[in-house]
Amino acid sequence: MLKTKPEILAPAGSEESLIAAVRTGADAVYLGGKSLNARRGAANFDAGGLAKAARYCRARGVKVYQTVNTVVFDDEFAELEETLETACAAGADAVIVQDLAVAAYVRENCPSLPLFASTQIAVHNLDGVKMLEQLGFSRAVLARELSFAELEYIAARSTLELEVFVHGALCMCISGQCYLSSMIGTRSGNRGLCAQPCRLPFKSKGSSHALSLKDLSAVEMIPKLAGIGIAGLKIEGRLKRPEYAAAAVTACRRALDGEKPRMDELRAVFSRGGFTNGYLEGRLGDEMFGVRGKDDVSASARILPGLAALYAKENPIVPVFMELEVKENKPALLRVKDSGGAEITVTGAVPQPAETAPLNPERAGRLLAKTGGTPFLPAGTEYKIGEGLMLPASAINFMRREALSQLEEIRGKAVAHPYKKQNNKIIPAARRRGGPRIRVHAENTRQLTGEILEGAQLISLPLCELQKLPADIRLRYGEKLSVRLPRFRFGGQDDQDTELLQLKDIKHASVGNLWAIGRAKAHGFTLHGDFSLNITNSMAIDEYRAIGLADAVLSIEMPLSRIRKLASSMPVGILAYGYLPLMAMRSRPAGLGEEGALTDRLGNCFTCRQNGQVTELLNTAPLYLADRLKDWKCVDFCTLYFTAETPEQCGQIWRAYAQGLPADGQKTRGLYYREVK
């Protein structure tokens with residue numbers, strides 16, 4: 001038995017896709033404006049198009065969620081304001097956001113507009129969901145990498161609505177944590193312009209496309225997901241054709257209604273050598289991977305024409321109740337109302353005495369039932385017809401058409417959210433004089449040379465490595481040591497962090513995800529935000545300060561020109577050295593084995609390393625800024641991000657940054673001197 005009946009949430013990258021989704025049974029659609037949404041390559045909707053789409057959906061009882069799910073820069077807040085004003089005026093049912101600055105802006109300026117947390121925030125456990133609750137979100141779109149057992153655990157303990165993806169493309173990287181596209185070509189996935197480089201050849205020992213996952217399809221698991229209380233069943237695909245949306249919604253609707261979905265049909269529409277639900281079933285092997293081949297393309301070409309018929313006609317999905325009153329010497333009346341209380345009364349012609357067959361309920365009913373071409377479904381009719389009266393079929397048809405047209409107009413009318421612009425003013429903190437201080441992100445205790453221990457402002461280490469430090473070192477340098485919580489903690493069991501509680505001499509914690517912020521804050525640590533929080537604007541800095549951070553590393557997708565203009569309410573810094581982690585993957589790349597590296601089509605070699613529960617894809621060359629530190633007086637600190645460097649290499653790098661030396665060998669400046677799109 002279903003615990004609840006969740007909504008089927010369909011992608012609407014265009015007006016035609018929206019119509020296809022609604023006519024095939026979607027309960028809600030998600031769509032974006034022309035900017036500030038994670039699928040900027042879709043057709044999307046301008047202000048007029050959004051208002052029209054919202055009217056269309058509202059008239060049919062379908063909800064509209066607007067995506068504002070990119071990180072934003074300071075000079076885009078006027079655009080953000082316009083986007084949110086448009087969403088409020090159109091009566092959007094919610095906005096889906098990634099940037100906590102956008103969430104704060106919504107809370108301040110349009111508090112009646114519900115907030116949904118995008119999967120781009122990478123919330124993947126109960127602690128993260130609880131943080132979203134505290135931040136005013138009403139729904140969390142959970143990470144795609146969760147197993148069914150993990151979803152069940154969270155759902156049983158959360159009061160927040162939960163939404164999961166059940167069909168569509170899978171990113172190799174955990175959403176919101178991929179920097180591969182931006183680093184290669186400045187097209188940022190966090191800003192809606194991912195170039196999908198993971199679909200290109202990346203060669204491992206056992207695969208030519210080691211980063212290309214098959215599409216997810218958990219359609220057949222929908223009854224189980226509904227049974228644990230999942231509120232939203234989401235279909236990915238705003239860049240795909242309307243036939244795709246129609247087929248996916250139809251399959252989900254059949255599964256939710258207890259019928260058998262046509263999986264062969266769904267595979268034919270679009271797949272990459274089949275589907276996978278490996279994450280949900282806890283099977284993270286090479287069978288999850290696939291590429292789109294000639295057979296997939298041919299199957300799609302054969303089936304697309306027939307799928308258009310699924311949404312060619314209006315789907316009567318809105319029950320209406322009618323009352324026809326025909327009395328002598330009075331204009332006929334037709335009352336039509338829906339289950340929500342909307343009611344329309346139209347006046348028709350005055351009936352005439354019947355010369356032959358008088359009007360009766362049977363004949364009137366046949367005429368009133370002709371609601372084809374409208375979204376309305378007759379659910380009951382009451383007749384008050386005087387004896388011996390005649391009313392032409394044309395008159396009844398006119399009243400029916402007029403009543404249904406007016407009812408559709410009333411149902412589609414926007415209930416706007418109040419929008420009142422607040423003074424969201426950021427008070428800048430005092431800036432440092434001179435150059436930035438140097439911090440160190442270390443992987444092991446061996447990397448902590450004497451000069452690093454003496455000179456670094458702050459040193460972060462994983463908990464297991466921190467515990468290896470000799471007591472005298474911890475005593476001497478304890479004030480600058482920081483325990484680094486893992487960016488990701490999957491799993492369904494509560495972890496009481498007894499080892500964290502035992503760190504009486506350590507006062508600092510480095511955190512890169514909402515779950516870690518909540519957990520470290522509860523234990524009383526001073527919190528230092530990592531680059532993976534994706535902070536790109538002044539308001540986000542202020543929001544993270546408000547929830548407990550003492551300082552933070554800015555996003556590695558922030559160019560220097562924008563960093564210089566930030567109005568920061570707390571100290572901020574950058575990653576200034578390191579092989580940057582461009583991907584964080586719960587599933588290891590296909591065929592990786594023990595070789596630990598992937599080669600792209602140009603011959604570039606990307607090292608892979610295991611970091612806790614995820615595999616990280618590291619950039620081919622280290623970020624290096626030692627000879628450019630004069631440019632960085634605009635930040636408070638620079639972090640050296642050590643991964644596999646030897647103690648000798650760490651010492652050399654430390655001295656290079658202390659002395660401002662040029663690089664010896666291959667290097668990259670990252671995105672700091674480029675403009676991210």
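Mentor: Happy to! Keep in mind that this is a predicted model. Let's start with strand β12, which spans residues 318-326. Most of this strand is covered, with 7 of its 9 residues buried. Strand β12 has a parallel partner in β16 (residues 376-385), and 9 bridges link the two. If you want a place to begin looking, find valine 318, which stands opposite phenylalanine 376 in β16. Strand β12 also pairs with β13 (residues 333-338), this time in the antiparallel sense and over 6 bridges. Here glutamate 323 has arginine 335 of β13 as its bridge partner. Strands β12 and β13 form a hairpin with 6 residues between them, and in it asparagine 329 takes a positive phi near 65°.

For another set of strands, turn to the open sheet of 5 strands, ordered β8-β26-β27-β28-β25 with antiparallel pairing. Its edges are β8 (202-203) and β25 (581-585), each of which pairs on one side only. Within this sheet, β26 (residues 597-600) and β27 (residues 605-611) run antiparallel and are joined by 3 bridges.

Now to the helices. The axes of α1 (residues 15-23) and α2 (residues 47-59) come within 11 Å and cross at roughly 10°. The two helices are therefore roughly parallel to each other. On the α1 side, Glu15, Leu18, Ile19, Val22 and Arg23 make the contact, meeting Lys52, Ala53, Tyr56 and Cys57 of α2. By class, that contact has 6 nonpolar, no polar and 3 charged residues.

Leu18 leads us on to the largest nonpolar core, which has 197 residues; Leu18 is among those with the most contacts inside it, as are Phe137 and Trp632. The helix that gives the most to this core is α9 (residues 242-256), with 8 residues. As for tryptophan 632, the residues it touches include Pro436, Leu560, Tyr672 and Tyr673.

Finally, look at helix α5 (residues 126-134), where Leu126, Gly128, Val129, Met131 and Leu132 are buried. Among the elements covering those buried residues are β7 (161-168) and α19 (514-522). Just after α5 you will find glycine 136, with a positive phi of about 90°.

Key: Residues numbered from 1 in each chain as written. Predicted model: local features only at pLDDT ≥ 70, side-chain atom pairs only at ≥ 80, totals over all residues. Heavy atoms only, no water. Axes fitted to C-alpha atoms, helices over the stretch in contact; angles between N-to-C directions. Helix = DSSP H or I, 4+ residues; strand = E, 2+ residues; numbered from the N terminus. Parallel < 35°, antiparallel > 145°, perpendicular 65-115°, else oblique. Contact = heavy atoms within 4.5 Å. Nonpolar A, V, L, I, M, F, W, Y, C, P; charged D, E, K, R; others polar. Pairing = 2+ DSSP bridges. Core = buried A, V, L, I, M, F, W, Y, C linked by side-chain atoms within 4.5 Å. Buried < 20%, exposed > 50% of the residue type's maximum accessible area, 1.4 Å probe, protein only. Lists of a residue's contacts leave out its neighbours within four places in sequence.
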